[in-house]
Every structure is written in structure tokens, then in C-alpha cells.
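Take a look at the protein chain below. This report walks through its fold, its packing and a few single residues.

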Amino acid sequence: MSHKPTTIAVATYANKVNAETDYDMLRSVKSGGQLDHIAISMVTKGADGKLEIDRHDSTAKHLAWGGGILGAALTVVAAPLGIVFLGPLVANTAISAGAGGLVGHFWHNIPKDEVRKMGDLLQSGEYGLVIVAVNPKGTDVGALLTNAVSSVVVDDVEDTDGDLEKAFETAEG
């Protein structure tokens with residue numbers, strides 16, 4: 001996995017139907033072979049203005065990848081949401097250590113101005129998607145967000161320092 005670039009994307013939508021359409025389409029892209037793995041969450045804004053996860057899915061059913069990597073990305077982009085998402089996963093000490101490594105990986109390898117743009121974008125909309133895709137073929141994830149009002153996409157988040165690989169090893173150990 002360490003030599004496979006990862007794409008992180010956040011998109012906002014005018015309505016829930018458009019967000020659901022892109023959510024379902026992105027899941028089908030994996031089955032079409034365009035992406036190695038994808039973890040995706042649909043985020044909505046509650047009546048109190050707080051972000052909530054409406055649904056999430058991952059093509060990797062392994063807990064460390066499916067939940068951990070999505071939770072880590074959410075924590076970097078929208079900390080309170082990500083922490084709530086990761087909470088049930090980190091009851092296991094190994095998963096906890098792995099999750100911390102994943103958060104660190106994203107924090108160190110996504111440019112901070114892009115992290116801010118992603119967080120601001122997610123907060124500005126009523127409906128959104130957060131996508132983490134292992135993307136060695138260089139699929140244009142942004143072009144797949146056909147119903148989005150706005151999006152921020154960061155391609156080629158490489159694991160040059162080995163943090164991602166170490167986090168997976170820790171979580172699996």
C-alpha cells in the first residue's frame with residue numbers, strides 16, 4: 001500500500017439526492033476497477049448546525065482500513081466529526097495506535113491550506129461527501145463528483161515517510 005497514491009476529496013451538494021447519487025456512483029467506480037479501494041462518508045448538517053455522518057462505506061472490510069482511514073481523514077478535515085466516528089473503533093489498543101498513525105499521516109501529507117479549504121467547505125454546506133481513495137491509476141476523482149456544487153480534491157497523498165504502512169501494521173498486529 002505504501003507505493004499507492006491516495007486521493008482525499010470533500011464535496012458539497014445542494015440537496016441530499018445529489019449527494020446520494022454521487023455517493024452511489026463513487027462506490028460503483030471501485031467495482032469497475034478504476035480505484036483500488038475507496039472509503040466514503042455522506043455528511044449532513046443537523047438542525048443544531050453540527051456535522052453528522054448520514055452513512056459511510058468502504059470497499060475494504062478490514063476495520064483498520066475501512067473505518068480507520070476514513071475516521072482519520074474526517075479527524076483532519078473536521079475534527080469533532082472524525083473523533084466521534086473513531087471513538088468506537090479505538091476501544092481496541094492496537095486500532096487506537098493505528099488510528100493515531102493514520103491521523104498523523106494525513107495531517108503531515110495534506111497541505112494545510114487544502115485541509116482548511118476542505119474543512120471550510122464541509123462546514124459551509126448542508127450535504128457533503130468525504131472520500132478517501134487508493135488511486136494508483138490516477139483516476140480523476142474530482143471529475144466523478146458530477147453533482148457537487150463545490151469540491152476540493154488532493155491527489156497523490158503518498159506515504160513517503162511510511163506512516164500509513166506503519167499504522168496499518170500496528171492496527172493489524
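This is a predicted model: local features need pLDDT of at least 70, side-chain atom pairs count only at pLDDT 80 or more; totals for chains, interfaces and linings use all residues.

Leaving aside neighbours within four places in sequence, which residues is Ser151 in contact with? They are Val10, Ala11, Leu121 and Leu145.

Ser151 has its place in strand β5. Ser151 counts as partly exposed, because its relative accessibility is 34%. Sequence distance and spatial distance tell two stories here. Ser151 and Ala9 are 142 residues apart in sequence. In space, their C-alpha atoms are 7.1 Å apart.

## The chain as a whole

The chain has seven helices and five strands. Along the sequence they follow the pattern β-α-β-β-α-α-α-α-β-α-β-α. The chain has 173 residues, and 48% of them count as buried.

Now consider contacts between residues at least 6 apart in sequence. Of these, 76% join residues at least 24 apart.

## Strands side by side

Start with strand β4, residues 127–134. Seven of its eight residues are buried, so β4 is largely enclosed by the rest of the structure. Strand β1 (residues 6–13) runs antiparallel to β4, and eight bridges join them. In this pairing, Thr6 stands opposite Val134.

Strand β2 (residues 37–45) also pairs with β4 in the antiparallel sense, over eight bridges. Ile38 stands opposite Ala133, and Ile40 has Ile131 as its bridge partner in β4. β2 is mostly covered too, with seven of its nine residues buried.

β2 has a further partner: strand β3, residues 51–58. These two run antiparallel and are joined by seven bridges. Thr44 stands opposite Glu52 in β3. Together β2 and β3 form a hairpin, with five residues between them. Gly49 lies in the turn and has a positive phi of about 85 degrees.

## Nonpolar cores

In soluble globular proteins, nonpolar side chains tend to be buried together. How many residues does the largest nonpolar core have here? It has 27, and Phe106, Leu122 and Val132 have the most contacts inside it. The elements that give two or more residues to this core are β1, β2, α2 (63–77), α3 (79–86), α4 (93–109), α5 (112–124), β4 and β5 (150–157). Helix α2 gives the most, with seven residues.

Not counting residues up to four places away in sequence, Phe106 touches Ile8, Ile69, Ala72, Ala73, Val76, Val132 and Val157.

Which residues of α3 are buried? They are Leu81, Gly82, Phe85 and Leu86. These residues cover an arc of only 125 degrees around the axis, so they lie on the same side of α3. An α-helix has 3.6 residues a turn, so residues three or four places apart point the same way.

The face turned away from the buried side of α3 carries exposed residues. They are Pro80, Ile83 and Val84.

## Charges over rings

Where does the charged end of Arg55 sit? It sits over the ring of Tyr23, 5.8 Å from the ring's centre. Lys112 lies over the face of Trp107, at 4.4 Å from the ring centre. What about rings pairing with rings? The structure holds zero aromatic pairs.

## Two exposed residues

Arg116 lies in helix α5. Arg116 counts as exposed because its relative accessible area is 53%, where the cut-off is over 50%. The C-alpha atoms of Arg116 and Val77 are separated by 7.3 Å. Along the chain, Arg116 and Val77 are 39 residues apart.

Asp156 is found in strand β5. Asp156 is exposed, with a relative accessible area of 53%. Check the backbone of Asp156 as well. Most residues other than glycine have a negative phi. Asp156 is not a glycine, yet it has a positive phi of about 55 degrees.

Technical notes. Residues are numbered from 1 along each chain as its sequence is written. Side-chain values use heavy atoms; hydrogens and water are left out. Rings of Phe, Tyr and Trp (its six-membered ring) pair if their centres lie within 6.5 Å; planes under 30 degrees apart count as stacked, over 60 as edge-to-face and the rest as tilted. A charge sits over a ring if NZ of Lys or CZ of Arg is within 6 Å of the ring centre and within 35 degrees of the ring normal. Buried means under 20% relative accessible area, exposed over 50%, partly exposed in between (1.4 Å probe, protein chains only). Helices (H or I, at least four residues) and strands (E, at least two) are DSSP runs, numbered from the N terminus. Two strands pair if DSSP finds at least two bridges between them. A nonpolar core is a set of buried Ala, Val, Leu, Ile, Met, Phe, Trp, Tyr and Cys residues joined through side-chain atoms within 4.5 Å. Contact means heavy atoms within 4.5 Å. The arc is that of the directions from the helix axis to the C-beta atoms.
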